[in-house]
Amino acid sequence: MPNLFRLLPPVDQALHRLAGEPELAAMPRPLLRDLVNKFLDLCREEIKAGVIASEEQLVSDTFFRRMTCFVRSQSRPHFRRVLNATGVVIHTNLGRSLLAESAIEAVTEACRNYSNLEFNLDTGKRGSRYSHVEELLCRLTGAEAALVVNNNASAVLLCLETLAKGRETIVSRGQLVEIGGSFRIPDVMARSGSILVEVGATNRTHPRDYENAINENTALLLRVHTSNYRMIGFTRETTAEELVEIGRRRNIPVMEDLGSGCFFDLRPMGFQFEPMVQDVVASGADVVTFSGDKVLGGPQAGIIVGRREYIEKIKRNPINRAMRIDKMTLAALEATLRLYLDPELARREIPTIAMITAEPDELKKKAQALARLLKRDLSGRLDIATRPGVSRVGGGSFPERDLPTTVVTVKPTSGGAQALETLKDNLRTAEPPLIGYIEEDAFCLDPRTLRNDEFRLVSASLAQALDMAGDGSACHN
Ligand SMILES: *Cc1c(COP(=O)(O)O)cnc(C)c1O
C-alpha cells in the first residue's frame, strides 16, 4: 500500500495546473490558493475515509479535472438562480414571488440612475418615499392612508408597538398562529410590548368573548389570518364585521393581519378563504397588514393600510425608520401595483397570479412539450412520461387547495430507488440547480413553476446530474 498522502501534488504545482483555465485566470491569486488548499484537505479526508484508495485516483488527469471543477464551483456566486420544478408557486425557500417584467425594469432604472426617491419634483423640497405608492395603495384598497415597511412581520410588530404598547391586545385563541420562519403571534406581541389577552376556545370564539375581555386598558382588537392551516368541523371565528361593530361601539381600533394580501379576485376560480384586501378594508377594519411577496406577487414588503389617524401615528413611530424599504423595493412595488389597476393585465403580467390561475389544459400542453424535449435529449438514460398531479400556491396561502396540473416524471433507466435519490441530490448541484420532488418512484417536474424558456436548462441540468459520479463530484458546466 503506497502512502497516498505523499502522492498529493504540492500547492504550487496544483496552482500551476489551474493557470491554463481561462475562467479562473482572472481570479485573485490568494483566493485561488485557499481553494486549492481546501481541495487538498478534502482529498486528505477522503484518503483517511478510504474514498480515495488507489494511486490512479491521485496521479491521473481525473484528479486535476476534479480539482478544477471544485475550484470553479466554489468560486461561483453563492446566491444564484435555481429552477423551481416543485409546482409551489410562492416557495419561501426559493425566493417567493417572481416579479413582473415592468417591475424588473423599474428596479433596474432605480438602481442605475438617481431618482426622486425623497425629493418632491413639484415643490423642489424634500419629499416622502412613501408618496410613490400611497395613492396607488389607497385606490386599490379603498383605504384612507398607507405605509410600506420591510416585510409583513415588521408591519405587524410596528403596528402593535404603535397602537398597543404597554396595553392589552385581544386575540382569539384560534388565531395565535405560527407562520414558520419563527413568526409567532404571541412572541411578536411580547416583543411589541403589548399584553396578549387570549379569548375564546381553540375552535370557537364568539363576539361576546371579545366583549367580555374589554376593559379600560384594552388598546386593540386583533384578527389574524390563519394562513397556513385550517380548522374544520365545529368551528366559529368572529367575522371582521362583528369585530368592527364592537370596536366602534367601545371606541377601540380593530387590526387585521391578513398575511397574504390578495388584490386579484380568485373566487371565480374556486379559491375560498383568502380574503381580498379591498373587502377587509370595506368591512371597516382600522388597520390591515399584508405581505408584498405572497399572493400579491411583488417584492418583499409589509404593507399597512387603514384609517389616516392610525397610519399617521405608525409613520411617526421612530421604529418605522428602522424598518424602511429601500428604493429597489419601492420601484418594484409601484410597478406591480400599477398592473393591478387593470385586473386582466395583472393576471397576465404578474407571474404569481399567472401561475396560480394557469389552466389545466395549458399546463398539460406545457408538460407534454417538456417531456418531448427531454425525450429528444435524454431517452435511453431516463424513462420519461407525464401524469396528472397537484401543485400548491405556497406562502401559507390556500393550504387546503390542490391545483390540478400535469407533471413530467423522470426515472433513471436502471438503479432503482437509490439511483432516483442520487439523481435528486445531484440535481441540486447542477448548474442551474433543479429542484423537484420524488413521488411514486419517479422524480416529478411540475411545469406550473417553470417558464418555457427554462426547458432547455432543465434538460441540461438533468444531463449534468446523470453525468455526475455517485458523490456528485464530476465536472459539470
Ligand atoms: C406570512 C405572514 C406573516 C409574515 O409576513 P412576511 O412578509 O413573511 O414577513 C405575518 N402574518 C401572517 C398571517 C402571515 O401569513
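This is a short tour of one predicted protein model, from the whole chain down to single residues.

Residues are numbered from 1 along each chain as its sequence is written. Local features need pLDDT of at least 70 and side-chain atom pairs count only at pLDDT 80 or more, while totals for chains, interfaces and linings use all residues; side-chain values use heavy atoms, without hydrogens and water.

**Whole chain**

Start with the protein chain in cartoon view. There are 21 helices and 16 strands; these are DSSP runs, numbered from the N terminus, with helices (H or I) of at least four residues and strands (E) of at least two. The C-alpha trace spans about 85 × 50 × 45 Å along its principal axes. Of the 477 residues, 49% are buried. Here buried means under 20% relative accessible area, exposed means over 50%, and partly exposed lies in between (1.4 Å probe, protein chains only).

**Helices H2 and H6**

Select residues 11-18, which form helix H2, and residues 61-75, which form helix H6. How many Å apart are the axes of H2 and H6? The distance is 10 Å, and the helices pack at an angle of about 75°. Axes are lines fitted to C-alpha atoms, for helices over the stretch in contact, and angles run from 0 to 180 degrees between N-to-C directions. H2 and H6 are therefore roughly perpendicular, a label for angles of 65 to 115 degrees. On the H2 side the contact is made by Gln13, Ala14, Arg17 and Leu18; on the H6 side, by Asp61, Phe64, Met67, Thr68 and Val71. Contact means heavy atoms within 4.5 Å.

**Gln175**

Next, select Gln175, in the loop between strand S4 (168-172) and strand S5 (178-180). Is Gln175 buried or exposed? Gln175 is buried, with a relative accessible area of 3%. Leaving out residues up to four places away in sequence, Gln175 touches Ile185, Tyr210, Leu222, Arg223, Val224, Thr226 and Glu237.

**Backbone stops**

Go to Arg96, in the loop between strand S2 (88-90) and helix H7 (101-112). Its phi is near 50°, a positive value in a residue other than glycine.

Move on to Pro432, in the loop between helix H20 (416-429) and strand S14 (434-435). The peptide bond that joins Glu431 and Pro432 is cis, with omega about -5°.

Finish at Glu440, in the loop between strand S15 (437-439) and strand S16 (442-445). Glu440 is not a glycine, yet has a positive phi of about 45°. Glu440 is exposed, with a relative accessible area of 61%.

Note on methods: Angles under 35 degrees count as roughly parallel, over 145 as roughly antiparallel, 65 to 115 as roughly perpendicular and the rest as oblique.
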